[in-house]
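Visitor: I am new to this structure and would like to be walked through it slowly. Could we look at it together first?

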Amino acid sequence: MLIAQITDTHVRRKRDLLHHMIQTGRELRRCIEILNALVPQPDFVVATGDLVDRGKVKEYRRLRAILAKLRAPLYVLPGNHDDRDGFREAFVDHTYLPRTGPLCYTIETRPVRLVALDTTRGRKPGGELDAPRLLWLDMTLGQEPQVPTLVAMHHPPFDLGIAPLDAKPLRGREAFEEIVARHGQIVRIVCGHVHCAVERPFGGTVASTAPSTSQQLAFDVGVDGGYGLHIEAPGYALHRWTGTRLETSVERTAQTRRLRAIS
Ligand SMILES: [Fe+2]
Ligand SMILES: [Fe+2]
């Protein structure tokens, strides 16, 4: 089973460049062309939030127009740059999304089941898993204890060493880890938000983040504790279920500049 993860697409209106230089819509289009050419095709694609940049209706319209080209089934969840109501409205035909409250849901795919968690707290940068969402997760995992499960969410439940991000951690992450540790079937927790690829052990499984399809953050502390921006090839993650474990490969959707060979 093959699962592709795209994240932090940050689509804006046409000609509205991110950081005055990044055409996020064009980058997503390129990523979709690459996904569409994969053989075999992914069983599904999960998009882990920040799908548009400013939560605007026109951005969602453009996002949907670009996503319409994707061949594989797509499941979406919001990030802090999304507007939950606007998101729900934009994906009204995605009937797995709840009509009220947080956009938490399950997709009963096999052999790996998808559990998606909405970690947003309005459009505040930091996320949260409050008591109702944690209760929902606990119950949902308890319903299928034998089925290998992929948990998808926007905010990673761990610090990264990037000071401005670590200053706004995911609320409820200790209780979340306790639930994850209690249910043994989670094969991976896949996240976005941080625009770089990191993984670490978490609650007896592995939690990982994927690169943005548009712009990356340096995995370090920037100048004066700010962000370090990388001009680096964007990408996505491919998760392959072998029957016993999940293997992940981080793919790049543009060429990385190479240095000339030194003779
Ligand atoms: Fe983002
Ligand atoms: Fe984010």
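Visitor: Which residue in E12 is the bridge partner of Ile3?

Guide: This is a predicted model, in which local features need pLDDT of at least 70, side-chain atom pairs count only at pLDDT 80 or more, and totals for chains, interfaces and linings use all residues. Residues are numbered from 1 along each chain as written, chains are lettered from A and ligands numbered from 1 in the order in which they are written, and side-chain values use heavy atoms, with hydrogens and water left out. Strand E1 (residues 2-6) pairs with strand E12 (residues 235-241) in the antiparallel sense over four bridges, where strands are DSSP runs of at least two residues and helices of at least four (H or I), numbered from the N terminus, and a pair needs at least two DSSP bridges. Within E12, Ile3 finds its bridge partner in His239.

Visitor: How many residues of strand E1 are buried?

Guide: Buried means under 20% relative accessible area, exposed over 50%, and partly exposed in between, using a 1.4 Å probe and protein chains only. In a regular strand the side chains alternate between the two faces of the sheet. Leu2, Ala4 and Ile6 on one side of E1 are buried, as are Ile3 and Gln5 on the other. E1 is therefore largely enclosed by the rest of the structure, the buried count being five of the five.

Visitor: Which residue in E2 stands opposite Gln5?

Guide: E1 and E2 run parallel and are joined by four bridges. In E2, the residue opposite Gln5 is Val46.

Visitor: Which residue bridges the iron ion (ligand 2) and the iron ion (ligand 1)?

Guide: Donors are N, O and S atoms within 2.8 Å of the metal (3.2 Å for Na, K and Ca), and since water is not among the atoms, sites may look incomplete. By that rule the iron ion (ligand 2) is coordinated at 2.1 to 2.3 Å by Asp50 (OD), Asn80 (OD1), His154 (NE2) and His193 (ND1). The two iron ions lie 3.6 Å apart, and the residue that bridges them is Asp50.

Visitor: How far apart in sequence are the parts that Asp50 and Asn80 tie together?

Guide: Both Asp50 and Asn80 are buried. Asp50 lies in the loop between strand E2 (44-48) and helix H2 (57-67), whereas Asn80 lies in the loop between strand E3 (74-77) and helix H3 (84-90), so the parts that they tie together are apart in sequence by 30 residues.
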